[in-house]
Amino acid sequence: GPKAFHVELHDGEGLRAARPAEMLYAYVSLGRYKATVASPLVGDLDLLLYVDGALVDSRHVVARCPPYLVPLPDRSCGCDTNLEPVGGLAESQGCRPCYMGYHKGAPGNGSCQPDTWPIIVSSVGGALGLVMILVLVVFARRIYQRHLLAMAAAEREGAEKRRRIQEAVKGVTSLKFPLSVMPLSKLREQGRLMAYEEARDAGVLRCCDTMEAAVSFAADH
């Protein structure tokens, strides 16, 4: 059986990749092998397979980055914007987001860099926060004053309702004005309805100045 496998990758201009391709292979059966090639470059490539030093196959392939990496200008793979390699090895350990206060402005395998503007943002944010607190205090004070005014108005309205109820109750048990009445017998004697002045001059009216007098008149007649 074969003793050595070797693979080479060339770009479209026939240039050999700067780094050799990594290949893993395993015997399947009946003289067949399964090979996995990790390309150091992405894009259109020509793959050349050597077995024991002899070229046995060549084919055109398209190499792509793993799902967690993006292509870089040098045709390698790296971490996207605001992501940095884990342990400095993006291809083997993946990428992670930049920590708070750090950023990375372009794709690549470099580390995230500290932000140069956090102090300015903090100062502006502190001033805006103080202004917001003052606005909230003034707003809360106005709401509280309106609440006090509303409570005072409700109290006045309640007092007015209580006064009206007391007057209504008093009006049932007392006379606010004198009550002029005529016995039914006197009305029958006249045979007609009489004006107040005529009945008063005829002496057939009775004036009740109190509720007791009115009740007494009703009981007697």
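Modeller: The chain has 5 helices and 13 strands, where helices (H or I, at least four residues) and strands (E, at least two) are DSSP runs numbered from the N terminus. This is a predicted model, in which local features need pLDDT of at least 70 and side-chain atom pairs count only at pLDDT 80 or more, whereas totals for chains, interfaces and linings use all residues. Residues are numbered from 1 along each chain as its sequence is written, and side-chain values use heavy atoms, with hydrogens and water left out.

Of the 221 residues, 19% are buried; buried means under 20% relative accessible area, exposed means over 50%, and partly exposed lies in between (1.4 Å probe, protein chains only). The chain exposes about 16700 Å², of which carbon and sulfur atoms supply 61%; accessible areas come from the Shrake-Rupley method with a 1.4 Å probe, and for residues only the protein chains shown count as cover.

Turning to the salt bridges, the whole structure contains 9 of them, a salt bridge being a side-chain nitrogen of Lys or Arg within 4 Å of a carboxyl oxygen of Asp or Glu. One of them joins Glu84 to Arg96, with the closest N and O atoms 3.1 Å apart. Because Glu84 belongs to strand E8 (residues 83–85) and Arg96 to strand E9 (residues 95–97), this pair ties together parts that are 12 residues apart in sequence. Glu84 is buried, at a relative accessible area of 7%, while Arg96 is partly exposed at 31%.

Glu160 is partly exposed, with a relative accessible area of 29%, and Arg164 is exposed, with 54%. These two residues also belong to a network of salt bridges that links Glu160, Arg163, Arg164 and Glu167.

A further salt bridge pairs Glu155 with Arg162, the closest N and O atoms being 3.5 Å apart. Arg162 is partly exposed, at a relative accessible area of 45%.
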